[in-house]
Every structure is written in C-alpha cells, then in structure tokens.
Amino acid sequence: MQRMIFDETHEQFRATVRDFMLREIEPNRDRWREAGMVDREAYAKAGAIGLLCTWAEARYGGAEIGDFRFEQVIIEENFQRGDSGFYIHLHSNLVAPYIAKLGSDEQKERFMPGIVSGDIILSIAMTEPSTGSDLAGIRTRAVEDGDHWVLNGAKTYISNGILSDLCIVAARTDPNDARHQTLFLVERGMEGFERGRRLTKMGLKSQDTAELFFNDCRVPKANILGEVGQGFKYLTRFLAQERLVASCAFIATAQAAFDLTLDFVKDRRAFGRAIGAFQNSRFKMAEMRAQLDMCQTYIDQCVVMHNSGALSPEDAAAAKLLSSEIEGRVIDECLQLHGGAGFMDEYRISRLFTDTRVDRIFGGTSEIMKEIIGRGLGLDERKMA
C-alpha cells in the first residue's frame with residue numbers, strides 16, 4: 001500500500017540515509033556480530049552527515065527539525081538496510097530527549113554538541129536484576145553528601161552499556177518512597193562506576209548489552225537531570241515516544257523479512273517450479289502483506305499524532321503491541337517459507353528471527369501493553385473495586 005505521510009523532502013532525505021546505511025553500516029554487520037558491538041566510529045560518521053538528533057538546536061549542531069518523520073526514516077532505513085545492533089534510535093530518540101528537555105543550560109552546553117556529533121554515545125539505566133518493567137521496584141539508591149550524591153546499586157540489560165560515554169541512571173533518593181527517584185548523568189570514568197560483563201544474548205549479537213555497577217559512585221550535583229525526586233514522573237513521561245520509536249523499528253524489520261522472503265520464494269524451486277507458485281506460499285505472502293500494510297498505516301497515523309502532540313500512552317502502547325506481535329508472526333512465517341535454509345545463520349532471516357524475539361519483551365512486555373490499553377478503557381481494578 002502506498003504510504004501517504006511522506007513528501008518529496010522526506011524521500012530525498014531517505015535516499016541520503018539509505019546510501020549511508022548501505023555504505024557505512026551494512027558491510028560491517030558480520031564483523032560487528034563477531035565483535036559483540038558496533039564501532040564507535042559508526043556514531044561519529046552518522047553525526048558527521050546530520051543523522052543524529054535531527055531535532056536538536058542549531059547551536060548544538062542539530063538541524064532543528066521538529067518533524068518526527070525524518071527520525072522515522074532513519075529508523076526504517078537502519079533496520080531494513082543497516083544493522084539492528086546499531087542503536088542510533090536509542091541514542092537519538094530515547095536518551096538524548098531526556099537531556100534536551102530536562103537538562104540545565106550548562107548540561108546541554110556540556111553534552112549536546114558531542115551527542116549530536118556522535119562523540120558522546122548514550123545509554124539509559126533503568127532495569128535492575130529483580131525489577132524488569134517495574135520502575136517502582138528500583139533498588140539503586142543515592143544519598144546526598146555535600147556537593148555530590150553517592151550512588152550504590154546495579155543495573156542490567158543496559159543497551160550500549162559498554163560503548164556509552166554518558167548514562168542516565170535512575171535511583172531512589174528517599175528510602176521511604178519507592179517513587180521518589182532521581183535521574184543522574186553518570187559519565188565514563190567516574191569513581192565507583194564499573195561496567196560488568198558484556199551479556200551473551202540469543203540475538204542482537206552486534207548490540208552491546210551489559211551490567212553496570214555503582215559502588216559509592218560519587219556524582220556531582222551538577223549532574224542531576226531535572227529535579228530531585230521527579231525521576232519516576234520523567235521516566236513515564238517519555239514512554240509514549242519510546243514505544244513509537246520501537247514500533248517504527250519493529251514494522252521496518254518485519255518489512256525487511258517480507259522483502260527478502262518474497263525474493264527467496266520467487267527464486268527457490270521445488271518439484272519443478274518456484275515455491276512461490278504454490279498456493280500455500282501465495283496465501284501466506286498475501287496474509288503477511290495485508291498485516292504489514294494494516295500495521296504500518298496505524299504506526300504512520302501515530303507519527304502524525306505525535307507530531308501534533310496528540311499521541312496518547314494508550315495509542316503508543318497499542319502500536320508497540322501490534323507491531324511486535326505482527327513482527328513475530330511475519331518473521332516466523334518467513335523463516336518457515338525458507339525451509340531448512342531459514343535455520344542457517346548465513347541467511348539473514350535466521351538472524352532476524354533471533355534478533356527480534358526480544359521485541360515483545362523490552363520497552364514493556366506485550367502483557368504490560370495490554371494492561372495499559374485495558375486501563376485506558378476504564379478497566380482498572382484499582383478504580384473498580
């Protein structure tokens with residue numbers, strides 16, 4: 001189905017992004033998977049041509065583009081033609097907005113130019129070994145001590161955990177109130193900040209995921225992000241955009257799987273004809289085409305709503321739920337159509353299958369998304385008792 005939300009400017013920009021992904025990112029996929037992380041230079045190269053934080057202010061090196069569709073194009077091209085482990089979307093759309101919107105003028109002057117150029121790589125540390133999606137269960141603590149706060153605790157499953165130079169860390173700052181949390185900007189090399197092992201995962205082999213440890217880590221008060229005690233509110237405030245970003249990535253990956261499978265079933269032959277000529281193959285591909293078009297249309301509408309400031313948490317949760325579930329079904333069907341080849345890692349469909357299984361888990365599980373949507377319908381046991 002033809003997509004109606006992009007104009008000529010977006011498509012010209014897409015051509016630039018596509019060229020970058022095919023030239024600088026795609027050729028490195030296998031090497032990065034072996035290394036367990038992407039090259040730092042990938043971020044610097046993206047920054048050099050303006051692909052990091054297109055929305056950032058010009059004084060920090062940004063283009064001041066308030067249209068999220070340009071970020072959508074970058075996400076789509078990376079997941080279709082770049083590498084799923086190149087977390088440009090995490091850097092530009094999930095973490096950097098915290099600093100741009102909550103940071104002091106001094107913090108933005110200090111960090112934003114490097115963030116936009118790719119010299120400062122970002123991560124965010126919320127998840128802990130025993131909390132999962134429960135932000136109120138965070139146990140990492142911070143205690144005020146003169147001109148510093150002293151952090152103690154551990155975080156896990158942190159994307160860009162090894163590469164990042166600046167990490168936003170959520171910690172409790174009142175032992176008697178689980179929601180009294182504060183966000184801290186923890187810099188590489190700070191005393192008491194240690195990185196644990198790079199975690200071995202089922203998929204996303206080129207994306208560095210790590211444990212982080214804070215042992216009497218002294219963070220200057222100048223590195224408090226926003227107001228003390230407001231961290232829980234801040235984390236929930238940014239969730240709608242985070243889930244929209246994830247949805248853009250999921251549907252783009254599903255589309256990539258569909259495209260390579262369409263080529264495969266046209267070329268691979270069995271019993272004297274292309275396997276795409278069998279009714280089962282035609283029907284499967286037709287079903288997937290309809291599902292992808294339906295989901296893409298919904299996500300595109302969410303992008304339009306986000307541009308106007310009207311995207312609700314429930315709509316964003318629905319986008320994340322639908323896109324991750326459809327992505328899972330589509331990639332499973334595509335792998336099946338590849339037959340035995342689909343089980344071989346030399347075929348991209350095999351890597352897509354393992355890379356995307358986490359998409360129904362992180363950023364809020366499918367079950368959590370259903371809770372959010374259901375409560376938005378007024379079906380909240382806390383209010384119905």
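**Asking how we know**

Author: Welcome! Of the 385 residues in the protein chain, 53% count as buried. This is a predicted model, in which local features need pLDDT of at least 70, side-chain atom pairs count only at pLDDT 80 or more, and totals for chains, interfaces and linings use all residues. Residues are numbered from 1 along each chain as its sequence is written, and side-chain values use heavy atoms, with hydrogens and water left out.

Reader: Why is Cys167 called buried?

Author: Buried means under 20% relative accessible area, exposed over 50%, and partly exposed in between, with a 1.4 Å probe and protein chains only. Cys167 has 1% relative accessibility, so Cys167 counts as buried.

Reader: What makes Cys334 count as buried?

Author: The value for Cys334 is 0% relative accessibility, and therefore Cys334 counts as buried.

Reader: How many disulfides are there?

Author: A disulfide is a pair of cysteine sulfur atoms within 2.5 Å, and by this rule the count comes to zero. For Cys167, the nearest cysteine sulfur is that of Cys217, 10 Å away, and Cys167 is in no disulfide. Cys334 is in no disulfide either; its nearest cysteine sulfur, that of Cys295, is 14 Å away.

Reader: What makes the radius of gyration of the protein chain agree with a compact globule?

Author: The radius is taken over C-alpha atoms, and the globule rule is 2.2 Å times the number of residues to the power 0.38. With 385 residues, a compact globule would have a radius near 21 Å; the protein chain has 21 Å, so the two agree.
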